[in-house]
Amino acid sequence: MLYITLVVAVVLLAIDQITKIIVDTNMQLHDSFSVIAFGDTQILNITYERNTGAAFSILEGKQIFLIIITSLIMLGILYLMLSKRVKKTPYLWCMSLILSGGIGNLIDRILRGFVVDFIDLKIINFAVFNVADICAVVGAIGLFIFVMIDEIKDAKKEKEKKKSEMTESKTAE
């Protein structure tokens, strides 16, 4: 399963980079066109933006810091995956999504000095983002959910074990 998740990460990374190259080579900065609209209501636009920060442009202009932090996190995730310390399939899938997203934006920061963003949800007031952002966010949310589910299951098992031990000790008396 590890290798399948890594192949999917590479495919998602390629999709991210190809879409960014298409936008970067065919659009001018701040150009925008509607992809989905109902009448005058725009739902989804392609809008070319350059982000020199992280999510919502926080840490703007801190490229070296973002490159170092992202590199360390991606190396840590890759190490956990390749060393097979992570065995649960849902965790592997989530980590592969985070990996593809992190590396996708890391490539932009290193090669371009900024991250190409272009997915613009007009129906809500939200930051312009890209495929790598989707991968990283979905992976992080998924990982959080799966860890929480496992923690709850473990807590229930521990509670049942203690309850069973108490019942056995009362029975033995």
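**Exposure, backbone angles and contacts**

Student: Is H30 buried or exposed, and what is its relative accessible area?

Tutor: H30 counts as exposed because of its relative accessible area (exposed is over 50%, buried is under 20%, partly exposed is in between; 1.4 Å probe, protein chains only). The model is predicted, so local features need pLDDT of at least 70 and side-chain atom pairs pLDDT 80 or more, while totals for chains, interfaces and linings use all residues. Residues are numbered from 1 along each chain as its sequence is written, and side-chain values use heavy atoms, leaving out hydrogens and water. H30 is exposed, and its value is 52%.

Student: Where is H30 found, and what is its phi near?

Tutor: H30 sits in the loop between helix 1 (2-26) and strand 1 (32-38) (DSSP runs: helices are H or I with at least four residues, strands are E with at least two, numbered from the N terminus). Most residues other than glycine have a negative phi. H30 is not a glycine, yet its phi is positive, near 75°.

Student: Which loop holds L59, and what is its phi?

Tutor: L59 is placed in the loop between strand 2 (41-51) and helix 2. L59 is partly exposed because its relative accessible area is 38%. L59 is not a glycine either, but its phi is positive, at about 60°.

Student: Does T47 count as buried or exposed, and with which side chain does its own make a polar contact?

Tutor: T47 belongs to strand 2. With 6% relative accessibility, T47 counts as buried. A polar contact is a pair of N or O atoms within 3.5 Å; within protein, one must be able to donate a hydrogen and the other to accept it, and residues adjacent in sequence count only if both atoms are side-chain atoms. At 2.8 Å, the partner of the T47 side chain is the side chain of D120.

Student: Why does D150 count as buried, and which side chain does the side chain of D150 contact?

Tutor: D150 is part of helix 4. D150 counts as buried because its relative accessibility is 14%. Its side chain has a polar contact of 2.5 Å, and the partner is the side chain of Y91.

Student: Which helix holds E158, and what is the relative accessibility of E158?

Tutor: E158 lies in helix 4, residues 131-172. E158 counts as partly exposed because its relative accessibility is 40%.

Student: Where is I68, and what is its relative accessibility?

Tutor: I68 is located in helix 2, residues 63-82. I68 counts as partly exposed, because its relative accessibility is 46%.
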